[in-house]
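Let's walk through a protein chain together, one piece at a time. Keep the picture open while you read, and look up each residue as it comes along.

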Amino acid sequence: MNQVACGERHVLFLTSSGFVYSMGSNELGQLGNPCDEVEQDDGSFTTITYQSEPAIIFGLLNQKVVDISCGANHNAILSQARATQVSYKPANSASDSVKK
């Protein structure tokens, strides 16, 4: 691991190769990956909002990330191309991330 950043209930890991992994709570989209849904016996679905093991953030695979930072419920990612990406779920929105 090259860098570790901690939010209120989630963690990001940056490898020396520039890959970013996340784990912890994804209730507000802070892990950067969509939440998984599991079908229950009655046919309904439950959204899984907690990732107990580190998982790579697939949306960042085409970028060489050089810096990571976490807020309480969001992240900021800086790529080698100096592009930034902030991951969070704005109030009253279905979107999980915003690029700036």
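Start at Tyr 21, which stands opposite Ile 56 in S6. Before going on, a word on what you're looking at: this is a predicted model, where local features need pLDDT of at least 70 and side-chain atom pairs count only at pLDDT 80 or more, while totals for chains, interfaces and linings use all residues. Residues are numbered from 1 along each chain as its sequence is written, and side-chain values use heavy atoms, with hydrogens and water left out.

Back to that pair of residues. Strand S3 (residues 20-25) and S6 run antiparallel to each other and are joined over four bridges. Strands here are DSSP runs of E with at least two residues, helices are runs of H or I with at least four, and both are numbered from the N terminus. Two strands count as paired if DSSP finds at least two bridges between them.

S3 and S6 belong to an open sheet of four strands, in the order S1-S2-S3-S6, with antiparallel pairing. At the edges sit strand S1 (3-6) and S6, each pairing on one side only. From one strand to the next, the twist averages 10 degrees; for this, axes are lines fitted to C-alpha atoms (for helices over the stretch in contact), and angles run from 0 to 180 degrees between N-to-C directions.

How many helices and strands does the whole protein chain have? Zero helices and ten strands. Of the 100 residues in the chain, 28% are buried. Buried means under 20% relative accessible area, exposed means over 50%, and partly exposed is in between, using a 1.4 Å probe and protein chains only.

Take a look at the loop between strand S2 (10-14) and S3, because that's where you'll find Ser 17, which is partly exposed because its relative accessibility is 46%. Ser 17 and Met 1 are 16 residues apart in sequence, and their C-alpha atoms are 9.2 Å apart in space.

Next, hop over to a hairpin: S7 and S8 form one, with four residues between them. Strand S7 (residues 65-70) runs antiparallel to S8, and five bridges join the two. Ser 69 is the residue opposite Ala 76 in S8.

Is Ser 79 buried or exposed? Ser 79 counts as buried because its relative accessible area is 3%. Ser 79 touches Gln 63, Lys 64, Val 65 and Val 66, leaving aside residues up to four places away in sequence; a contact means heavy atoms within 4.5 Å. With a relative accessible area of 21%, Gln 63 is partly exposed. Gln 63 and Gln 80 are 17 residues apart along the chain, with 7.4 Å between their C-alpha atoms.

For the whole chain, take the contacts with a separation of 6 or more: 43% of them are between residues 24 or more positions apart.
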